[in-house]
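Q: I'm new to this one. Can you walk me through the structure?
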Amino acid sequence: DYARMEQGDALEIDNVRAQISKGSTVTVKNVTKGYKFKTTLKLSPRLKAIVLAGGTLAAIAAGAGENA
């Protein structure tokens with residue numbers, strides 16, 4: 001699927017927070033060309049908490065990723 005993508009293609013991840021919380025597989029939709037593909041998200045528990053918090057500053061403010 002990587003070979004099918006081109007610069008400028010619009011990509012969309014539905015329910016991104018739920019998908020990231022659920023596991024390491026994320027379904028991505030290429031809106032421009034109308035197909036979906038699955039990809040693996042490789043994040044440490046700490047980085048996953050940071051992403052779900054909305055970024056590093058938000059994670060620090062919320063205490064996300066502590067002791068992870």
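Q: What does the accessible surface of the protein chain come to, and how much of it belongs to carbon and sulfur atoms?
A: The accessible surface is about 5,100 Å². Carbon and sulfur atoms hold 53% of that. Areas come from the Shrake-Rupley method with a 1.4 Å probe, and for residues only the protein chains shown count as cover.

Q: Where does the model come from, and how are things counted?
A: This is a predicted model; local features need pLDDT of at least 70, side-chain atom pairs count only at pLDDT 80 or more, and totals for chains, interfaces and linings use all residues. Residues are numbered from 1 along each chain as its sequence is written, and side-chain values use heavy atoms, with hydrogens and water left out.

Q: What pLDDT does the chain average?
A: The average is 89, and 91% of the residues score at least 70. pLDDT is the predictor's confidence in each residue, from 0 to 100.

Q: Which elements have the lowest and the highest mean pLDDT?
A: Helix H3 (residues 56–62) has the lowest, at 87. Strand S1 (residues 11–12) has the highest, at 96.

Q: How many helices and strands are there?
A: The protein chain has 3 helices and 3 strands. Both are DSSP runs numbered from the N terminus: helices are H or I with at least four residues, strands are E with at least two. Along the sequence the pattern reads β-α-β-β-α-α.

Q: Is the chain spread out or compact?
A: Spread out, compared with a compact globule. The radius of gyration is 14 Å, well over the 11 Å that the globule rule gives for 68 residues. The radius is taken over C-alpha atoms, and the rule is 2.2 Å times the number of residues to the power 0.38. Along its principal axes, the C-alpha trace spans about 40 × 20 × 20 Å.

Q: What share of the residues count as buried?
A: Of the 68 residues, 18% do. Buried means under 20% relative accessible area, exposed over 50%, and partly exposed in between (1.4 Å probe, protein chains only).

Q: Show me a residue. Is Val 28 buried or exposed?
A: Val 28 counts as buried because its relative accessibility is 7%. It lies in strand S2 (residues 25–30).

Q: What is Val 28 in contact with, beyond four places in sequence?
A: Leu 11, Glu 12, Ile 13, Tyr 35, Lys 36, Phe 37 and Thr 39. Contact means heavy atoms within 4.5 Å. The C-alpha atoms of Val 28 and Asp 14 are separated by 7.6 Å, and these residues are 14 apart along the chain.

Q: Now Met 5. Where is it?
A: Met 5 is in the segment before S1. It counts as partly exposed, because its relative accessibility is 25%.

Q: What does Met 5 touch?
A: Leaving out residues up to four places away, Met 5 touches Leu 11, Asn 30, Lys 33, Tyr 35 and Phe 37. Met 5 and Asn 30 are 25 residues apart in sequence, with 7.9 Å between their C-alpha atoms.

Q: What about Asn 15, exposed or buried?
A: Asn 15 counts as exposed, because its relative accessibility is 62%. It is in the loop between S1 and helix H1 (16–22).
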